[in-house]
Amino acid sequence: MSKIDWVPIWRALQQGDRVDVVAPASGAPVEQVEAGIAVLESWGLKVRVADPLQKPDPFFAHQDSVRWAQLRKALLARDSAAVWCARGGVGCLRLLPNLARLKRPGIAPKPLIGFSDVTVLLTALDAKWGWMPIHGPVLTSLTPGRLARGQATLMRDVLFGEC
């Protein structure tokens with residue numbers, strides 16, 4: 001596969017980089033979160049999971065205020081290179097008013113990664129700050145057998161600037 005001819009505004013990830021995991025929408029099965037974390041760690045990344053990532057709830061990972069606080073902290077963290085959403089689902093739209101009020105931080109851009117309902121956050125982040133998010137697999141999709149063959153490797157190659 002040849003390298004892509006565009007350059008994202010965030011720097012390519014490197015082994016040892018920290019990735020923040022947040023749940024701005026729905027909760028996810030713990031075993032899928034753990035499996036996704038294991039994939040990121042196998043790529044040489046250090047994973048920091050929002051604490052507590054989720055609580056038992058049929059629709060949301062947490063209350064809006066907790067989900068927003070965790071997303072905000074991850075986006076503004078100076079020591080992380082990317083923010084990965086654990087899962088899509090209900091709730092992201094409810095965080096938009098908070099994101100709209102947040103001033104662009106004086107830190108290097110980093111990718112926010114996810115899809116489904118997370119797309120509303122990806123679009124807002126690009127429009128508001130000019131950061132280039134990635135409409136890609138949520139963390140729980142990295143669980144073996146959930147993606148088409150080779151897709152997790154392709155995602156890794158994109159993040160590490162190897163495709």
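**A note for a first look at this structure**

1. Helices here are DSSP runs of H or I with at least four residues, strands are runs of E with at least two, and both are numbered from the N terminus. Asp64 and Arg67 form a salt bridge, with their closest N and O atoms 2.9 Å apart. A salt bridge is a side-chain nitrogen of Lys or Arg within 4 Å of a carboxyl oxygen of Asp or Glu. Arg67 counts as buried at 1% relative accessibility, whereas Asp64 is partly exposed at 24%. Buried stands for under 20% relative accessible area, exposed for over 50%, and partly exposed for the range in between (1.4 Å probe, protein chains only).

2. A word on what you are looking at. This is a predicted model, in which local features need pLDDT of at least 70 and side-chain atom pairs count only at pLDDT 80 or more, while totals for chains, interfaces and linings use all residues. Residues are numbered from 1 along each chain as its sequence is written, and side-chain values use heavy atoms, with hydrogens and water left out.

3. Now for the sheet. Five strands form an open sheet in the order E2-E1-E3-E4-E5, with parallel pairing; two strands pair if DSSP finds at least two bridges between them. E2 (46-49) and E5 stand at the edges with a single partner strand each, so one side of each has no neighbour in the sheet. Helix H2 (residues 64-76) packs on this sheet, where it touches E1, E3 and E4, and its direction makes about 165° with that of E1. Such angles run from 0 to 180 degrees between N-to-C directions, with axes as lines fitted to C-alpha atoms, for helices over the stretch in contact. Helix H4 (residues 119-129) lies across E4 and E5 and runs at about 155° to E4.

4. Four bridges join E1 to E2, and the two run parallel. Which residue of E2 is the bridge partner of Asp20? The partner is Arg48. Asp20 and Arg48 also belong to a network of salt bridges together with Arg18 and Asp79. Four of the five residues of E1 are buried, so this strand is largely enclosed by the rest of the structure.

5. Next, the interior. In soluble globular proteins, nonpolar side chains tend to be buried together. A nonpolar core is a set of buried Ala, Val, Leu, Ile, Met, Phe, Trp, Tyr and Cys residues joined through side-chain atoms within 4.5 Å. The largest one here has 48 residues, of which Leu40, Leu71, Trp84 and Leu159 touch the most other members. Two or more residues each come from E1, helix H1 (30-42), H2, E3, E4, H4 and H5, and H4 gives the largest share, five residues. Leaving aside neighbours within four places in sequence, Leu40 is in contact (heavy atoms within 4.5 Å) with Val19, Leu45, Val47, Trp84, Leu139 and Leu142.

6. Helix H5 (residues 151-159) has Met155, Arg156, Asp157 and Leu159 among its residues, and these four are buried. The buried residues of H5 pack against strands E3 (82-85), E4 (112-114) and E5 (134-135). Just after H5, Gly161 takes a positive phi of about 70°.

7. Is His62 buried or exposed? His62, found in the loop between E2 and H2, counts as buried, because its relative accessibility is 8%. A polar atom of the His62 side chain lies 3.0 Å from the backbone oxygen of Pro52. Leaving aside neighbours within four places in sequence, the contacts of His62 are Pro52, Leu53, Gln54, Lys55, Arg67 and Gln70.

8. How many salt bridges are there? The count comes to nine. One of them joins the side chains of Arg11 and Asp17 at 2.8 Å, N to O. Here Arg11 is partly exposed, with a relative accessible area of 45%, while Asp17 counts as buried at 11%. Another joins Lys55 and Asp57 at 3.8 Å, N to O. Lys55 is partly exposed at 33%, and Asp57 is partly exposed at 33% as well.

Notes: Polar contact = N/O pair within 3.5 Å; in protein donor to acceptor, adjacent residues only side chain to side chain.
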